[in-house]
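Open your viewer and get ready to click along. We will start with the whole chain and then zoom in on a few residues.

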Amino acid sequence: TWTMGAFRERAIARIRAQVGTGRVICGLSGGVDSSVAAVLIHEAIGDQLTCVFVDHGLMRRAEADEVISLFRGHYNIPLVHVDASDLFLRELEGVEDPEAKRKTIGRLFIDVFEAEAKKVGGADFLAQGTLYPDVIESVSFAGGPSVTIKSHHNVGGLPDRMNMKLVEPLRDLFKDEVRALGRELGLPESFVGRHPFPGPGLAIRCPGAITREKLDILRQADAIYLEEIRYAGLYDVIWQAFAVLLPVRTVGVMGDGRTYDHVLALRAVTSVDGMTADFYPFDMAFLGRVATRIINEVKGVNRVVYDVTSKPPGTIEWE
Ligand code: XMP
């Protein structure tokens with residue numbers, strides 16, 4: 001019979017057989033997938049694994065610190081933390097096109113990762129937390145002809161250039177199975193149950209050119225939205241919820257003054273694997289409460305809207 005415990009044992013045996021005495025390097029994104037892959041591989045080969053966390057400065061609030069303390073503190077897995085946020089923000093300055101943003105982030109990620117890999121003395125294998133839907137979505141979409149909707153920066157690119165073999169122990173799994181494996185490996189529930197977060201991070205939740213200021217506004221609003229979702233007991237019912245800061249300003253009134261500030265969109269969807277999704281039908285009182293809090297607490301936002309688009313025809317992320 002197929003159990004997660006049995007999968008874990010087989011996966012460990014397979015990793016050991018593939019890697020032998022070689023060295024493995026793993027890029028952590030801060031998300032569940034790469035973290036589960038890293039912990040599993042560490043269990044299989046211990047110190048033959050080096051983890052590199054390229055911090056692009058596009059994470060949610062407190063997220064980078066959580067990853068670092070999980071790896072260094074909880075698991076005692078050696079982790080190289082590279083704070084590359086200045087580089088990413090500089091190169092993304094003025095970049096408006098969604099694919100150009102994704103490509104810029106993907107390219108920088110590879111550059112930084114490659115440089116760090118050299119510093120730690122290189123490796124024979126590259127570990128990735130690629131899931132089954134990543135493999136499918138990068139090939140075709142909804143059964144149609146092969147067309148790239150969005151370039152995922154975590155699939156492909158690196159191995160060719162760095163001349164390394166790939167270790168992808170999660171390639172046959174769906175998201176819910178990766179979470180079950182994470183629990184099996186003892187990852188904290190708060191981490192395993194996290195909503196998915198895209199590799200390019202908040203950059204693709206800020207349509208148009210990003211700035212430090214916009215990212216700060218987005219982080220604050222996103223944190224309030226998620227806090228209210230948790231408080232309402234809805235976090236685990238929802239596949240993914242996040243805020244999007246629009247490059248549009250509208251007129252409002254606060255006290256006895258005129259405001260001219262950003263519009264913030266809220267998104268929440270249910271899904272099984274991210275390939276299709278339905279918008280989440282919050283009740284209006286909940287949405288009203290979130291909107292009031294965000295407008296009162298976050299300087300720079302004076303209007304909040306809710307996205308009622310499902311996938312297809314929308315995608316989950318806005319870019
Ligand atoms: P879309 O927006 O294509 O997203 O409907 C489907 C799922 O994939 C996530 N996503 C990404 N994940 N790297 C990732 O690791 C990426 O470049 C990326 N782009 C989108 C998205 O958050 C959703 O869960």
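**A tour in a few selections**

Begin by colouring the protein chain in two parts: domain 1 (4-192) and domain 2 (211-306), with bounds that come from an automatic or database domain assignment. This is a predicted model, in which local features need pLDDT of at least 70, side-chain atom pairs count only at pLDDT 80 or more, and totals for chains, interfaces and linings use all residues. Residues are numbered from 1 along each chain as its sequence is written.

Now look at how the two parts sit. The C-alpha centres of domain 1 and domain 2 are 28 Å apart. Seven residues from domain 1 and seven residues from domain 2 make the contact, where two residues count as touching if their C-beta atoms, placed from the backbone, lie within 7 Å. On the domain 1 side there are three nonpolar (Ala, Val, Leu, Ile, Met, Phe, Trp, Tyr, Cys and Pro), no polar (the others, Gly among them) and four charged residues (Asp, Glu, Lys and Arg).

Next, select Ser 29. This residue is in the loop between strand E1 (24-28) and helix H2 (32-45); helices (H or I, at least four residues) and strands (E, at least two) are DSSP runs, numbered from the N terminus. The unreviewed UniProt entry lists Ser 29 under "binding site", along with Gly 30, Gly 31, Val 32, Asp 33, Ser 34 and Ser 35, although such annotations may be inferred rather than shown by experiment.

Is Ser 29 buried or exposed? Ser 29 is buried, because 24 other C-beta atoms lie within 10 Å; the cut-offs are 20 or more for buried, 12 or fewer for exposed, and partly exposed in between, with C-beta atoms placed from the backbone.

Finally, click on Val 32, in helix H2. Val 32 counts as buried because it has 24 C-beta neighbours inside 10 Å. Leaving aside residues up to four places away in sequence, Val 32 touches Val 178, Arg 179, Gly 182, Val 192 and Arg 194.
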